[in-house]
Amino acid sequence: MRFEIIRKIIGGILLVSLVSLIFFQPMSQYLSIPKTITVFEGQDYTFNKAAPVSAALNSHNSKNTLEQEKQSVTVKATEKGKNEMLLEFAGIPIKKVDVHVLKDFRVIPGGQSIGVKLNTVGVLVVGHHLINTVDGKKSPGEIAGIKIGDIITEINGSKIEKMTDVAPFVQTAGQTGKALDIAISRESGKLSTKLTPLKDKGENTYKLGLYIRDSAAGIGTMTFVHPQSKKYGALGHVISDMDTKKPIVVEDGQIVRSTVTSIEKGSNGDPGEKLARFSNDREIVGNIQKNSPFGIFGELNEELKNGVMDKPLPIALSHQVKEGPAKILTVVNNDRVEEFNIEIVSTIPQKFPATKGMVIKVTDPRLLEKTGGIVQGMSGSPIIQDGKLIGAVTHVFVNDPTSGYGVHIEWMLNEAGINIYETPKSKAS
């Protein structure tokens, strides 16, 4: 009985000691260190540590080194590969950290104002139209069950690519009285329906009773160009149709140079807008292959320079971005790219792709005077911190146009089909 009491007392002391150890400063700090550190060649990674904790890098055949200060450790990444870092407390190993050094990677930052033209897959239904028939007002499209946001991809087995492809089928079907076989692409899947065009008694023509569109146009900002592949990323967010509010399914598209003609200044409840026009020659400078939640992506067919930072910059991964000062590149007048000061208010070290990785705030008096903060058309403006490209401006807060969201650059590069995570080979111990 007495032995049992002693055993319980000893167990309680050990439990209290363990809890105290966990919350003891060295232990609590080591718990916050990630299990894996990823960094590019030529870059450093610094983390805080408690004084009694020491670090050692297993790098017998590597040029990567550690620099230890009283309160911090810095990994000096000079050669790609995999290493292990051991953290010790009083000579006892307490944590192993995998150190992945990736091959040096750089892209050219953008900032240029671009004109965007998207061609849809088929024709997009953006509304219903009532036809004034002899039997009253009717919409054949609505009767056939076609909804706003549907994409008409085929009529009578023939592929539909643009609005002019539709008219001949409508008139022929109206005159013969034979219903059209319509193939539709909808968010829930593909379906088919039959539609009988009706005659407008005022115009003596047959109509579908649908408003349709085969392309969309707008402006945005270039984010980056990969100099080796000529792949680019822009906008930082998906392009949605202004009527249906749904993402546009892209068949293909083009980007051209654009010029900012004026700015509608933002205010609370009104985010403002860049007003711009496509370049006079409308020369196509690149294609659009993808419209995704992270922006538009494709390849350039000619060089685009911003005149501010035309040399490739290293990038920062999401865990390397920190709160504090940064800059954006964007156009507010004509086609001249300028630098403006912002603040990274918060950042999330994301492990998986997500669109809202940073909260940013415009602090530059010149930009605040000109635009009031973040305006439409500024989406895609590259964010630079400590000489690295870290992301792009994506959204403005409606109730505070000085602030908005940014997306981390690694997710845009991933969407562009650029693999920055070249798997390094392990170094022999």
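Residues are classed as buried under 20% relative accessible area, as exposed over 50%, and as partly exposed in between. Because the relative accessibility of lysine 290 is 34%, this residue counts as partly exposed. The structure described here is a predicted model, and the values below are computed from it.

Lysine 290 takes part in a salt bridge with glutamate 415, in which the two side chains meet at 3.9 Å, N to O. Since glutamate 415 belongs to helix H6 (residues 409-415) and lysine 290 to strand S23 (residues 290-292), the pair ties together parts of the chain that are 125 residues apart in sequence.

A search of the whole structure returned 18 salt bridges. In one of them, the side chains of aspartate 241 and arginine 213 meet at 2.4 Å, N to O. This pair links distant parts of the chain, with aspartate 241 placed in the loop between strand S19 (231-234) and strand S20 (250-264) and arginine 213 placed in strand S18 (residues 210-225), 28 residues apart. Both aspartate 241 and arginine 213 are buried.

A further salt bridge is formed by the side chains of glutamate 302 and arginine 257, at 2.4 Å, N to O. Here, too, distant parts of the chain are linked, because glutamate 302 lies in the loop between strand S24 (295-299) and strand S25 (313-314), whereas arginine 257 lies in strand S20, 45 residues apart. Glutamate 302, with a relative accessibility of 23%, counts as partly exposed, and arginine 257 is likewise partly exposed, with a relative accessible area of 34%.Aspartate 364 is located in the loop between strand S28 and helix H5 (365-371). With a relative accessible area of 6%, aspartate 364 is buried. A polar atom of its side chain lies 3.0 Å from the backbone nitrogen of asparagine 341. When neighbours within four places in sequence are left aside, the residues in contact with aspartate 364 are Glu339, Phe340 and Asn341.

The largest nonpolar core comprises 46 residues, of which Phe224, Ile315, Ile344, Ile383 and Leu413 touch the most other members. Two or more residues are given to this core by each of S20, strand S26 (324-331), strand S27 (337-347), strand S28 (358-362), strand S29 (382-385), strand S30 (388-397) and H6. The most is given by S30, which supplies five residues. For isoleucine 344, once neighbours within four places in sequence are left aside, the contacts are with Val321, Lys322, Glu323, Gly324, Ala326, Met358, Val359, Ile360, Ile383, Gln385 and Ile390.

With regard to strand pairing, strand S4 (residues 65-68) and strand S5 (residues 72-76) run antiparallel and are joined by four bridges.

Technical notes
Residues numbered from 1 in each chain as written. Predicted model: local features only at pLDDT ≥ 70, side-chain atom pairs only at ≥ 80, totals over all residues. Heavy atoms only, no water. Pairing = 2+ DSSP bridges. Salt bridge = Lys/Arg side-chain N within 4 Å of Asp/Glu carboxyl O. Buried < 20%, exposed > 50% of the residue type's maximum accessible area, 1.4 Å probe, protein only. Core = buried A, V, L, I, M, F, W, Y, C linked by side-chain atoms within 4.5 Å. Contact = heavy atoms within 4.5 Å. Polar contact = N/O pair within 3.5 Å; in protein donor to acceptor, adjacent residues only side chain to side chain.
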